[in-house]
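Open the model in your viewer and keep the selection panel at hand.

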Amino acid sequence: MQFTIEVGRYNSEGIYADTAVPGRSFPPPWDKSPERRYQTYTVELPEHAVVLDALIAIREYQDPSLAVRCACRSAICGSCAMWINGHANLACKSKLAAFTNDGKTRVESPPSMPLIRDLVCDMTPFWEKHLAVKPWLENKEPIPPANEEYRVPNAAMDELIQEVSCISCSACLMDCESFAVNPDFLGPQALAQAYRYVGDPRDDKTKERLAELSKPGGIWDCTHCYECVTQCPKGVAPLDQILKLRKLAVDAGFTNNAGTRHADAFASSVKHSGRLNELTLLPLSTGIFNIIGQLKTLPSAFNMARAGKLPPLIHKAIPGVERIRKIFQRVGGRFK
Amino acid sequence: MKVAFFPGCVSKGACPELYVSANLIAEPLGLELHELTQAPCTGAGVLSEQNPELADALNGLTLAMAEAEGADLMTICSTCQGVLSNHNYKFAHDEARLERANATIADQGFRYGGTTKVKHLLWMLFEDIGEDRIRAAIKRKLTGLKIAPFYGCYILRPVESLGLKERPERKGYLERLITMLGAEAVEYKGATKCCGFPMITFNRDKALAMGGNHIIEAKEKGADLLVTPCPLCHLNLDGQQPDAARVLKKDIGVPIFHLPQLLGLAFGFEPDQLRLNHHVVSTKGALEKVELKV
Amino acid sequence: MGAGLAGMRAALEAARAGANVAIVTKVHPIRSHSSAAQGGINAAISEDDTWESHAFDTVKGSDYLADQDAVEVMCREAPSDIIEFEHMGVIFYRNEEGKLGRRAFGGASLARTYFVGDITGQALLVTLYDQILKAGVKVYEEWFATALHMEDGACRGLIALEMVTGELHLLRSKAVIVASGGLGRLYEPSTNALICTGDGYSLAYRAGAPLMDMAMVQYHPTTLAGSGFLMTEAARGEGAYLLNSEGDRFMKKYAPNKMELAARDVTSRAEATEIAEGRGIDGNVLLDLRHLGRDVILKKLPQIHEMALDYLDIDMIEQPVPVRPGMHYQMGGIQTNVDGATKVPGIYAAGEVACVSVHGGNRLGANSLLDTIVFGRRSGKASAEYAKSVPQSGGGEDLLRREQARLTDLLSRPYTGETCAGLRLELATMMDAKVGLYRSDAGLKEALQALHGFRKRYENVAVGDKGRIFNQALTFVLELGFMLDCGETIIHDALHRTESRGAHTRVDHPERNDQEWLKHSLLTFRESGEPALSHVPVTLTRWKPEVRTY
């Protein structure tokens, strides 16, 4: 079957292959412009072929100047994550047929990562964030002797398989919406790996980890958009791990942050009236003593009032609100 | 067609224009709205994250109420849709979890049997109401308008609980609707991305930049307005738009419509009936293009 | 050189011993092929097990070619090495008592394989990488080694191409541990990643370190039909069957006791025989896991379940999976002692690239991961000790200049019609056909001729990318050169070993011949091109060679 594939090319040197290779779709010598551009190729492959098959076929027989990271071809090494039709995926796991839009597949290095060349991005931001969460076991005392393992239930190890399945492909960070506007955000992979250690009963630094993770750039800078869960090829579901961390952090007492206040304000509103009271949500989440924070939200409050969109000052409870309050009493936890 | 109508908190709070327009378009669409007035807030994912058991009970109650009505639960908010679908999916795959939720709501006389279908108005348009009915209701084609769809994360992800593996066409309903109403759907990357609302209290500037960037992208692709099925997105994209413009140091000025408002216009309702005169970002420019005043 | 399990373990140990150590790796450590190992790692940890039993299984598995003293070292030290990894945080499977739990594996008298789902290699690799981060070991990431720096007959560093900038660097050191992994790309099909191109074998060989037992190339019995991806032995460990086209568990004919868990060479040959005799299905046999049930498959074998779905649209819960033997592992390699030292001062080796020899003529499943961590550790320690006693090199600049010139020449070659990928494919297809599961004198002679032909054509392969930044076309051509060296040594070794042992099966010499061949073959590089052949006896300690049946 014939497939058409559009590949994002870039080389700051502007030098591409200048030897004639049969079957090439463009004449040598290639122009030396260093700008990013798309180059179209057609390949003949079996119908179940994946994007990586096409890229390898191109660089082996059509255009040897195409740079792409790949190794295992079977979704375990994590090398070949890239944007395929605008979303981060492993090239070796993406069937061309499933990723054909208007008769072609477009691949490129994601704009959220610095670019080295063609499909090879600079993974430094990713590795730095990984390192930043101190992703290694800080052994809990007493450490068993050299011929003895820690005794832990299999369920505890099983629970971590999801996080350990991460192959560091970076698809999650590539499509992370928070990272796109906030380069300081630790990002889904690093946070999922942070949970891997927080959730390990043999690790000694849970409190310290949670304290660090509750700081700016950490668990509360995630916008909860599920892109990482959707794009992760190994089912790590980073957002789920971030949410686990949030709950653990709050339960551990790291509550002096907008995230906790937000949840508290939300819960108290729903407990009281069965509904969210947007009027109080924003100021309560910001923190009543956070003057600057409060002042920042004033302009939008004023705009809303002017447009007649301010919710009623007296927040009415829904009929049957006693039911809701009973539920809170029963299972409200710290929101009781 | 009878539906158990779950308007969500925001349509009865900061976005009354949504509630009003949703009620107006019910008749032309043949929808009989039985509002679940006693159903609580879904928790918007915030409660699910901090106390899953609490969120299970609250949403189990809502689902049970819809089940008692004997009708599908219709949402008009992507976030409500996402949270309710999520809990519904978990109940369907974890009997023990459903049992625990039922134990909590039992003495209020409710028990959720797991049969409620949760559907956003956007889905019902194509899956239950049908294109023919919609076309028949159109009195005013929106020709000349370039409309950018903005779905809102929780009506698109996670894929499993939203049934998107079985019905991938749900990912394109807004574009289809826009075209059906006679307008041109703007193609841009931000359509499926995040407005920033979940983060607005944690990291205000970044949350505003997020939403603002997407609107600007749509604007640069020629959009006259954005339409969204989520009032929380609306709050961020419309309510906070002037602040976003300030943070990004760029002019924005693109009005944001709720889905029912767009339908309402097409069905012949007047802008002020749909409260299009009660937005933070003026809808005037867009309405003028279809010869309407606000 | 190399950042897989062996390389990182060696570096960690050397750092702990106080050495100034750096890792040079052509891909990021996490991308190393160690991550593809699936099934598990062996050790006699359990109370009902003994290291002697593990050692015997290994020796028998090797078809008595393994050096028994080296096997004793590995099996004795295995338990503490695995526990050490557990202390590092590996999330090994646990039994009801919360202790390490095990599964059955090929060629073992009792279950002694410790594992993490079917992602054991990856679980070990990511944990070890995290430990490298914790220890702050310097990693030269995406630096491609092109030559070893030799001074006064000793290795004092290497030359590496920094991929991101295209700059060539001289890295001086007192020793180099070669841990660059296997050579699977020399064969087609192979389970190996595209980066397994035999770099270390060739570099060490040309620097004077003999290669040992290169003919011993393992074919894994269960590689996925078509793609050749690895379907872990753990599937059979959990109870999967191998079936022919008649629905028979044919292993009863070849290994009536161990059945599907016989040694890999026995199983691969059995499959090949069934296929050749017309009881295959499109050149494959079937791996049947249906009776294991959904829970076991999804819990214990999730990765291969997903692979069969992804690449063949087959759900192994419902259907058997077509598999066939595929080239997988090189038992032979750079000759070392039990401390990773080679004949060349300053060159150490560990992991798949080394030959201690613990695997002899055939490697048992789950012994490779063990090999990497035991001998990675030992060579790290030994090389650090060695480094204390030798001076730092002052030279190497002329080597750097020569390498620079060589690469420049290579880049300026004109295109003549020969593509690197095309030539490699021809080479690899030839190796599979003539130097694979079954070999013969005639076939091997043809192979040698073909290889020499490929070498000549290699001189004409041009580099299709003339740039400096991340020039993969250049490194592919260099890798093909390494593969040719590996191919040459394998063919010579296979040609001269006129017996069948382990993975090496000569149809013209079908019996094992302990009288003449209970010895290792050594291949030493000569400028003329043809390796010098010599032998060393196999070290026997407790076990006399016996007839090997399963």
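Start by selecting chain B and chain A together: 69 residues of chain B and 57 residues of chain A take part in their contact, where contact means heavy atoms within 4.5 Å. The model is predicted, so local features are reported only at pLDDT of at least 70 and side-chain atom pairs only at pLDDT 80 or more, while totals for chains, interfaces and linings use all residues. To find your way, count residues from 1 along each chain as its sequence is written, take chains as lettered from A and ligands as numbered from 1 in the order in which they are written, and note that side-chain values use heavy atoms, with hydrogens and water left out.

Chain B and chain A bury about 5,300 Å² between them, 63% of it on carbon and sulfur atoms. Buried area is the accessible area (1.4 Å probe) that two parts lose on being put together, summed over both. Now highlight Glu49(B), Gln50(B) and Phe202(B): they supply 14% of the area that chain B buries against chain A, more than any other three residues.

How many salt bridges does the rule find across this interface? There are four, a salt bridge being a side-chain nitrogen of Lys or Arg within 4 Å of a carboxyl oxygen of Asp or Glu. To see a salt bridge between these chains, select Lys309(A) and Glu17(B), whose side chains meet at 2.6 Å, N to O.

The interface of chain B and chain A also has 22 residue pairs in polar contact, both residues at pLDDT 80 or more. A polar contact is a pair of N or O atoms within 3.5 Å; within protein, one must be able to donate a hydrogen and the other to accept it, and residues adjacent in sequence count only if both atoms are side-chain atoms. Among the elements that each supply at least two residues to the chain B side are α1 (16-26), α3 (52-69) and α9 (204-220) of chain B. Helices (H or I, at least four residues) and strands (E, at least two) are DSSP runs, numbered from the N terminus.

**Stop two: a pair of helices from two chains**

Next, select helix α13 (residues 321-331) of chain A and helix α5 (residues 95-105) of chain B. They pack at an angle of about 120°, with their axes 9 Å apart. Axes are lines fitted to C-alpha atoms, for helices over the stretch in contact, and angles run from 0 to 180 degrees between N-to-C directions. That angle makes α13(A) oblique to α5(B); under 35 degrees counts as roughly parallel, over 145 as roughly antiparallel, 65 to 115 as roughly perpendicular and the rest as oblique.

Show side chains here: Ile327(A), Arg330(A) and Val331(A) in α13(A) meet Ala103(B), Thr104(B) and Ile105(B) in α5(B).

**Stop three: a pair within chain B**

Stay with chain B and select α3(B) together with helix α4 (residues 78-93). Their axes come within 10 Å and cross at roughly 100°, which makes α3(B) roughly perpendicular to α4(B). In this contact, residues of α3(B) including Pro52(B), Ala55(B) and Leu63(B) meet residues of α4(B) including Val83(B), Leu84(B) and Phe91(B).

**Stop four: where chain A meets chain C**

Bring chain C into view. Here 74 residues of chain A are in contact with 66 residues of chain C. The two chains bury about 5,500 Å² between them, 54% of it on carbon and sulfur atoms. On the chain A side, Arg73(A), Ile76(A) and Glu149(A) lose the most area to chain C, together 13% of what that side buries.

The rule finds seven salt bridges across this interface. Select Lys134(C) and Glu138(A) to see a salt bridge with its closest N and O atoms 3.7 Å apart. Then try Lys93(A) and Glu306(C), whose closest N and O atoms are 2.5 Å apart. Lys93(A) lies in the loop between β4 (87-90) and β5 (105-108) of chain A and Glu306(C) in helix α10 (residues 302-312) of chain C, so the pair joins two chains.

**Last stop: backbone details**

Zoom in on the peptide bond from Arg157(B) to Pro158(B), which is cis, with omega near 0°. Pro158(B) is in the loop between β5 (146-149) and α8 (173-180) of chain B. In chain C, the peptide bond from Val356(C) to Ser357(C) is cis too, with omega near 5°. Finish at Lys134(A), which has a positive phi of about 50° although it is not a glycine.
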